[in-house]
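Trainee: Can we go through this one together? I'd like to ask about side-chain pairs and chain contacts as they come up.

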Amino acid sequence: MNRLFRKSFITLLALMIGILNIQIPLAQAAMVTTDQVIEQQQADNEREKVIAFLNRADVQQELKQQGVSPDEAQARVAHLNDQELQMLAGRIDSLPAGGIIGEVIGAAVFIFVVLLITDILGFTDVFPFAHRHAH
Amino acid sequence: MPIKTGHRTRLIAGVFLACLLFSGCMPKQTANLVQEKPVGMNSSAKIESVPFFPQQDFQCGPAALAMALGHAGVAISPEQLRPELYIPNKRGSLQIEMLATPRRYGMLAYKLAPSLNKLLLEIQSGHPVIVFQNLGLSLTPQWHYAVATGFDLSHQTITLHSGDSPDYVMPLSTFENTWVRADSWAMLVLPAGKLPASADEKVYLRAVSSLEKADFHPLALKSYVAASKRWPDSLAARMGLGNSQYALGKLQQAQQTFLKASRDYPDAAEAFNNLAQTYLDQQNYDRALQAIQRAIEIDSSSALYHQTWAEIEQQKNISPQHHS
């Protein structure tokens, strides 16, 4: 339902921008962008713009929900390009985020032992003391 | 009952361990590298000039990026990068933002192909590599960023700036295990004009075009020049070069670039369109019309080419020379 609404919303907005564009006298340069040459396709610009706009709002909201301050969230999405926004929208919650400092926080003893064994075997690298070569 | 549960736990643990032991000691890529050193690869390499920043709580993303940026020529601390990368509730940083952030500083972020071989060759070429690792197991992931700065095939080790340890030496096989569990993700931070050792044309040009779209035109131009030298047959590299020259107002140069591209690629409508627009900006209406007519001949379905054509006609008609 949400998707359907979003789809028709995008089409409607794209149409509106399209109509507006026709009424505005043509002034800006009509260059094929490097991006379009690389991807070998001339995208439906209006549609893409709207999708990017919605994705930007989505990602900004998700960042705020994940504890990023509103100002920082806004600055961060401003620096993401359309493809990056597309990859992040709706997925921040499930994507892996690198951040550990080398200790298992709140892990059960069983997992501790397993990880210690796998560390010694060289499958994992959670405990630096498991390797003699480590400083 | 308690004995039964104990048995079962021991059984599970035993089976688990047996699985681990029988799955072989050395992962595939390390085994291949050790068995036969690839042509052109030295037995060891070390980049000495990579700055080290110890990681503060969950800040391995900012720390790793600060080290790579520092080596590429941007002096910045992990603390300064924190607001651009860190996500408090996830206690970490996302790969996509790791790739997006160097751009803010006019640097190119290049995502490497998932190959240990290529990773080591980058180190050998003097490019420190930011690597993503899952230090734990798939069920209990421990996501981590580090910077690979050296390797030694005779000792089968790799050297990383990681966590609290500068020059942390770990077995290459363990590294491969942790790295493959994070989808073999790795990236480089490069100054404009520098190419990765194992550059893929499309991946590199995408990175440059991101820089171009972020309005770093002189830097994008420098990188497109390097790209056209590395891939002389690349139409995209030349179009990028022309577009950057155009964006910088160097219309003569842009015209030359597009003209040459349109001659070398007589079926590239894009080159003719951009050539037409560049002629139009110099009020050379006749040449502009010629070029855009050729673009429309090649591809009559493009709305953009018709728009360029309409603009040329419009401006030609209002220009004084053509009224008299």
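Trainee: Asp264(B): what is its relative accessible area, and how does it count?

Mentor: This is a predicted model, so keep that in mind throughout. The relative accessible area of Asp264(B) is 38%, and since buried means under 20% and exposed over 50%, Asp264(B) counts as partly exposed.

Trainee: Which side chain does Asp264(B) meet in a salt bridge?

Mentor: Lys260(B), with an N to O distance of 3.1 Å.

Trainee: Where do Asp264(B) and Lys260(B) lie?

Mentor: Both are in helix H11 of chain B, residues 251-264. They are four residues apart, which is about one turn of the helix.

Trainee: Which residues are joined into one network by salt bridges that share partners?

Mentor: The network consists of Lys46(B), Glu48(B) and Asp167(B). Within it, the side chains of Asp167(B) and Lys46(B) meet at 2.9 Å, N to O.

Trainee: How many residues apart are Asp167(B) and Lys46(B)?

Mentor: They are 121 residues apart, so the pair links distant parts of the chain. Asp167(B) sits in strand S8 (residues 165-171) of chain B, and Lys46(B) in strand S1 (residues 44-46) of chain B.

Trainee: And what are the relative accessibilities of those two?

Mentor: Asp167(B) has 29% and Lys46(B) has 34%. With the limits at 20% and 50%, Asp167(B) is partly exposed, and Lys46(B) is also partly exposed.

Trainee: Changing topic. How many salt bridges are there between chain B and chain A?

Mentor: Four. Among the salt bridges is the one between Glu97(B) and Arg76(A), whose closest N and O atoms are 2.5 Å apart. The interface of chain B and chain A also has 31 residue pairs in polar contact, counting pairs where both residues are at pLDDT 80 or more.

Trainee: Which helix gives the most to the side of chain B that touches chain A?

Mentor: Helix H8 of chain B, residues 201-213, with seven residues. By class, that side of chain B has 33 nonpolar, 29 polar and 16 charged residues.

Trainee: What area is buried there, and how many residues are in contact?

Mentor: About 5600 Å² is buried between chain B and chain A, and carbon and sulfur atoms give 60% of that area. On the residue side, 78 residues of chain B are in contact with 58 residues of chain A.

Trainee: Which strands are joined between chain A and chain B?

Mentor: Strand S1 (residues 97-98) of chain A and strand S3 (residues 92-94) of chain B are joined by two bridges and run antiparallel. Gly98(A) has Ser93(B) in S3(B) as its bridge partner.

Trainee: Back inside chain B. Strand S9: how many of its residues are buried?

Mentor: Five of its five residues, 186-190, are buried. Ala186(B), Leu188(B) and Leu190(B) point one way from S9(B), while Met187(B) and Val189(B) point the other way.

Trainee: Which strands pair with S9(B)?

Mentor: Strand S4 (residues 108-111) of chain B pairs with S9(B) in the antiparallel sense over four bridges, and Lys111(B) stands opposite Met187(B). Strand S5 (residues 129-134) of chain B is joined to S9(B) by two bridges, also antiparallel. There, Val131(B) has Ala186(B) as its bridge partner.

Trainee: Last one: Thr30(B), buried or exposed?

Mentor: Buried, with a relative accessible area of 0%. Thr30(B) is found in helix H2 (residues 28-35) of chain B.

Trainee: What does the side chain of Thr30(B) make a polar contact with?

Mentor: With the side chain of Glu176(B), at 2.5 Å. Leaving aside neighbours within four places in sequence, Thr30(B) is in contact with Leu116(B), Leu172(B), Ser173(B) and Glu176(B).

How values were computed:
Residues are numbered from 1 along each chain as its sequence is written. Chains are lettered from A and ligands numbered from 1 in the order in which they are written. This is a predicted model: local features need pLDDT of at least 70, side-chain atom pairs count only at pLDDT 80 or more; totals for chains, interfaces and linings use all residues. Side-chain values use heavy atoms; hydrogens and water are left out. Buried means under 20% relative accessible area, exposed over 50%, partly exposed in between (1.4 Å probe, protein chains only). Contact means heavy atoms within 4.5 Å. Buried area is the accessible area (1.4 Å probe) that two parts lose on being put together, summed over both. A polar contact is a pair of N or O atoms within 3.5 Å; within protein, one must be able to donate a hydrogen and the other to accept it, and residues adjacent in sequence count only if both atoms are side-chain atoms. Ala, Val, Leu, Ile, Met, Phe, Trp, Tyr, Cys and Pro count as nonpolar, Asp, Glu, Lys and Arg as charged, and the others, Gly among them, as polar. Two strands pair if DSSP finds at least two bridges between them.
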